[in-house]
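Here is a briefing on one protein chain. Look over the sequence and the model before reading the points.

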Amino acid sequence: MLQVTDLDRATSFYEKALGMNILLKYDSPQDQFAIAMVGYGTDYTQTVVIELRYNYNVTEYTAGNAYVHAAIGTNDVYKNAAAVALVTQELGGKIIRPPGPNPVTNTKMTSFLDPDGRKTVLVDNEDYLKEIKNNGQ
């Protein structure tokens with residue numbers, strides 16, 4: 001779950017930058033929060049989901065001490081990084097590690113901050129599976 005300061009902006013960011021779909025939206029005015037679940041596919045019970053939570057009248061969050069807030073596998077780090085870069089110009093956020101191979105593992109990756117400053121790392125699926133296999137030997 002990622003806490004956000006603007007639920008519409010956050011859902012738009014994850015839809016446009018990463019091609020995710022809104023799988024569920026829920027608003028609870030009596031409890032002063034709203035959520036949107038975004039992910040790939042059409043059924044939140046059958047896919048990995050990121051829950052975006054907006055607490056009414058909260059305009060700022062601290063990032064905490066997490067190194068990465070989300071890591072997502074992709075088949076094309078470069079293509080995804082280009083999409084993220086375009087969306088950050090419109091909605092905020094920024095690329096903090098340009099796409100390319102990790103100097104230690106050679107796994108292609110990129111990382112970015114979303115409009116609320118949450119860090120996401122995109123990791124090449126094929127490279128990551130090779131990295132796991134090589135580390136297991």
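The points below go from the whole chain to single residues.

The model is predicted. The protein has 3 helices and 8 strands. Its radius of gyration is 16 Å, close to the 14 Å that the globule rule gives for 137 residues, so the protein is as compact as a globular protein of that length.

**Overall build**

- Read from the N terminus, the elements follow the order β-α-β-β-β-β-α-β-β-β-α.
- The C-alpha trace spans about 55 × 30 × 25 Å along the principal axes.
- Of the 137 residues, 38% are buried.
- Take the contacts between residues at least 6 apart in sequence: 47% of them join residues at least 24 apart.

**Surface and charge**

- The accessible surface is about 8000 Å². Carbon and sulfur atoms account for 50% of that surface.
- There are 12 positive and 16 negative side chains. The centres of these two sets are 7 Å apart.

**Helix H3 and Asp127**

- Helix H3 covers residues 125-135, and Asp127 sits in it.
- Asp127 has a relative accessible area of 12%. The cut-off for buried is under 20%, so Asp127 counts as buried.
- The side chain of Asp127 makes a polar contact of 2.8 Å with the side chain of Lys108.
- Beyond residues up to four places away in sequence, Asp127 touches Asn106, Thr107 and Lys108.

- Asn106 belongs to the loop between strand S6 (94-101) and strand S7 (108-113).
- Its relative accessibility is 54%. Exposed means over 50%, so Asn106 counts as exposed.
- Phi of Asn106 is near 70°, a positive value in a residue other than glycine.
- Most residues other than glycine have a negative phi.

**Strand S4 and Asn55**

- Strand S4 runs over residues 49-55, and Asn55 is part of it.
- Asn55 is buried, with 14% relative accessible area.
- A polar contact of 2.8 Å links the side chains of Asn55 and Arg53.
- Which residues does Asn55 contact, leaving aside neighbours within four places in sequence? They are Gln3, Val4, Gln32, Phe33 and Tyr61.
- Asn55 and Val4 are 51 residues apart along the chain. Their C-alpha atoms are separated by 7.8 Å.

- Asn57 is exposed, at a relative accessible area of 67%.
- Phi of Asn57 is near 65°, again positive in a residue other than glycine.
- Thr59 is found in the loop between S4 and S5.
- At 71% relative accessibility, Thr59 is exposed.
- Thr59 and Gly93 are 34 residues apart in sequence. Their C-alpha atoms are 16 Å apart in space.

**Strand S5 and Ala70**

- Ala70 is in strand S5.
- Is Ala70 buried or exposed? Its relative accessible area is 14%, so Ala70 is buried.
- Ala70 and Thr120 are 50 residues apart in sequence, yet 4.8 Å apart from C-alpha to C-alpha.
- Apart from neighbours within four places in sequence, Ala70 is in contact with Ile50, Lys119, Thr120 and Val121.

**Helix H2 and Thr88**

- Helix H2 spans residues 77-91 and holds Thr88.
- Thr88 counts as buried, at 11% relative accessibility.

**Recap**

- Asp127 in helix H3 is joined by its side chain to that of Lys108.
- Asn55 in strand S4 is joined by its side chain to that of Arg53.
- Positive phi values occur at Asn57 and at Asn106. Asn57 is exposed, and Asn106 is exposed.

Notes
Residues are numbered from 1 along each chain as its sequence is written. This is a predicted model: local features need pLDDT of at least 70, side-chain atom pairs count only at pLDDT 80 or more; totals for chains, interfaces and linings use all residues. Side-chain values use heavy atoms; hydrogens and water are left out. Helices (H or I, at least four residues) and strands (E, at least two) are DSSP runs, numbered from the N terminus. The radius of gyration is taken over C-alpha atoms; the globule rule is 2.2 Å times the number of residues to the power 0.38. Buried means under 20% relative accessible area, exposed over 50%, partly exposed in between (1.4 Å probe, protein chains only). Contact means heavy atoms within 4.5 Å. Accessible areas come from the Shrake-Rupley method with a 1.4 Å probe; for residues, only the protein chains shown count as cover. Lys and Arg count as positive and Asp and Glu as negative; His and the chain ends are not counted. The place of a charge is taken as NZ of Lys, CZ of Arg, CG of Asp or CD of Glu. A polar contact is a pair of N or O atoms within 3.5 Å; within protein, one must be able to donate a hydrogen and the other to accept it, and residues adjacent in sequence count only if both atoms are side-chain atoms.
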